[in-house]
Amino acid sequence: MESSGGYIDSSGKAIIPEKYEDAGDFSEGMAPVKINGLYGYIDETGNVKINAQFQAAESFQNGLAPVKIKGKYGFIDQTGKFIVSAKYSYFGENSSQISQAYDDVMNPVYINRDGKQLNVLDSSGKEYRLLTMMGSHVELNGKYLNVPVNSGTSENDSWIGITSIIKYLGGTYDYDANSNKLTIQIDNQNIELQNNSNEIIINGEKRVLLSSVSSINNSLMLTVQDMSELIHAKLKFESYLDTNVVDDVVQSTGIFKEFDIVKEEVNAVYYQYPAFDIAGEIGTRDPFFIWGSASSDYASPSHEAQINLNNIKILDPDESVIQNGYYTGGTHYFKYKTYGTGIFGQQVDVYVFGSAPAEVVAADKKLASKQKELDDYKNSLLQSVTEKYAALINEQPSNPSILIRYALALEELNYYFNDVNIQQQLQSKLNQADQLSEFSSTFYDLHIAERYLSEEHITQLYREVATNDPYIIINHAVTPEQKYYAAQALLGWGHLESLTKTYLQEASQSSNQKIGAAAKQLLIDLGW
């Protein structure tokens, strides 16, 4: 089998020969390598420390490494001993005290160093809550929560509804609208919060939040960072793009229909009076003859001038294209056929060409006028889009969501106008967005698929994306149609079952009858 993996030092010198089928990164003194189709581990001198026996292997972290054997994942230590049995479908994070894995239906599970499956633990082995916010998606202890959120780019500008979390945890609350005070009872604590204030009182003791309580979309919210501390939860946060507010840039398509009508009328004139490109050797006889050819894209194959011709007379030749006895190209219109005398005195056909007839001149003028109207419309739309997003980018220069929405607006313009300059701007915005977020291109591709591809291709793309990262799909799905595609892609993710069911229920109410009916049938098939 061909070898493709080895190791070099910082100068590029090979320190371990390129003899492995695959080679991973060194971590904690060891690296996974593939030998004869299976993975083992070597040390920094190239000595095999753990024999090749695994279907897949990752680098060590906190003394453990996830490996796959007989189709299941577990965690081994640096002697090759399984600390966490290989019985899980996939692996997750690995801390100094606990490891995360996923069961057969992709529910997250947590295992301590004794291999015992536990609830979520802190670094000392004490159980704690795990608050997960992936864009607009929230989970608590691995379970999806349908709570109000206002997602941002960090823990301190992403907001989450207070009362929904408290209610889910079994706590109680009371809100006094007159004083804007929220009182909470949870975990044997009495907590008082005030809208628009960062002061908090816990069991009579005053403390300070990182940010003030805010009312957003009629819900009292805390930043997810403050919320995690309030409920004594470990926070897992990942920022995803918010690209769902997509502009409808070209709101009226009437002008395109008008342009198409004019173009059809003009093409009919061109067909009636075809323009010919003429080139050839100039004869020495009078009148002006060209020994050459004439052709036209508009003339029918049976047109008498749509053939190679020997004798062509041009009534108004373009002197600027005459070079060294050749007529090097000019556009003319067939007028009529006459007769001349050949070199042996015989009668020959002469094809006479001249300038554009009045009908063509009028058609060109009409098309140019409509084209200018279309160009003015394009420039007006482009200016509006550019000014809007320039202002948004100025406010949030590091927000990739804005760049993707900008790119989608430009893509719509390009769809209608097929303009090279717009295409270049579009690619520039995509490149900038990719530099800010690894998710940018995927969100863009989902929108483009929904605009132009078939239902089958959309479904396939959703499933491919969900396999790599289901939270991209979750953050993308807003409309009933998107939620239908998302639900299909999320089937089998056990801890997202309630979300999948909710998506299908909302999709069943879609105004798209085909999508609505399909969602209803899937709910029935799943017994939901």
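Tutor: In this predicted model, the side chains of Asn180 and Tyr175 form a polar contact at 2.7 Å.

Student: Why is the pair of Asn180 and Tyr175 called a polar contact?

Tutor: A polar contact requires N or O atoms within 3.5 Å, one able to donate a hydrogen and the other to accept it. The side chains of Asn180 and Tyr175 are 2.7 Å apart at this contact, so the term applies.

Student: Where is Asn180 found, and which residues is Asn180 in contact with, leaving aside its neighbours within four places in sequence?

Tutor: Asn180 lies in the loop between β20 (172-176) and β21 (181-186). With neighbours within four places in sequence left aside, its contacts are Tyr175, Leu193, Gln194 and Asn195. The C-alpha atoms of Asn180 and Ile201, 21 residues apart along the chain, are separated by 14 Å.

Student: What makes Asn180 partly exposed?

Tutor: Buried means under 20% relative accessible area and exposed means over 50%. Asn180 has 31%, which lies in between, and Asn180 is therefore partly exposed.

Student: Is Ser300 buried or exposed, and how do you know?

Tutor: The relative accessible area of Ser300 is 15%, which is under 20%, so Ser300 is buried. Ser300 belongs to the loop between β29 (289-295) and β30 (308-314). Leaving aside neighbours within four places in sequence, Ser300 is in contact with Tyr271 and Gln306.

Student: How do you know that the span of helix α5 agrees with its number of residues?

Tutor: Helix α5 (residues 400-417) has 18 residues, which at 1.5 Å a residue should span 26 Å. Its end C-alpha atoms are 25 Å apart, so the two values agree.

Student: What makes α5 mostly covered?

Tutor: Of the 18 residues of α5, 16 are buried. At the start of α5, a side-chain oxygen of Asn399 comes within 2.9 Å of the backbone nitrogen of Ser401. Just after α5, Asn418 has a positive phi of about 50 degrees.

Student: How is the packing of α5 and helix α7 described?

Tutor: Two packed helices are described by the angle and the distance between their axes. The axes of α5 and α7 (residues 440-452) come within 10 Å and cross at roughly 35 degrees, and the crossing is right-handed. By class, this contact has eight nonpolar, two polar and three charged residues. Among those that meet are Ile404 and Leu408 in α5, and Tyr444 and Ile448 in α7.

Note on methods. Residues numbered from 1 in each chain as written. Predicted model: local features only at pLDDT ≥ 70, side-chain atom pairs only at ≥ 80, totals over all residues. Heavy atoms only, no water. Helix = DSSP H or I, 4+ residues; strand = E, 2+ residues; numbered from the N terminus. Expected span 1.5 Å × (residues − 1). Buried < 20%, exposed > 50% of the residue type's maximum accessible area, 1.4 Å probe, protein only. Axes fitted to C-alpha atoms, helices over the stretch in contact; angles between N-to-C directions. Left-handed = near helix turned anticlockwise from the far one by under 90°. Contact = heavy atoms within 4.5 Å. Nonpolar A, V, L, I, M, F, W, Y, C, P; charged D, E, K, R; others polar.
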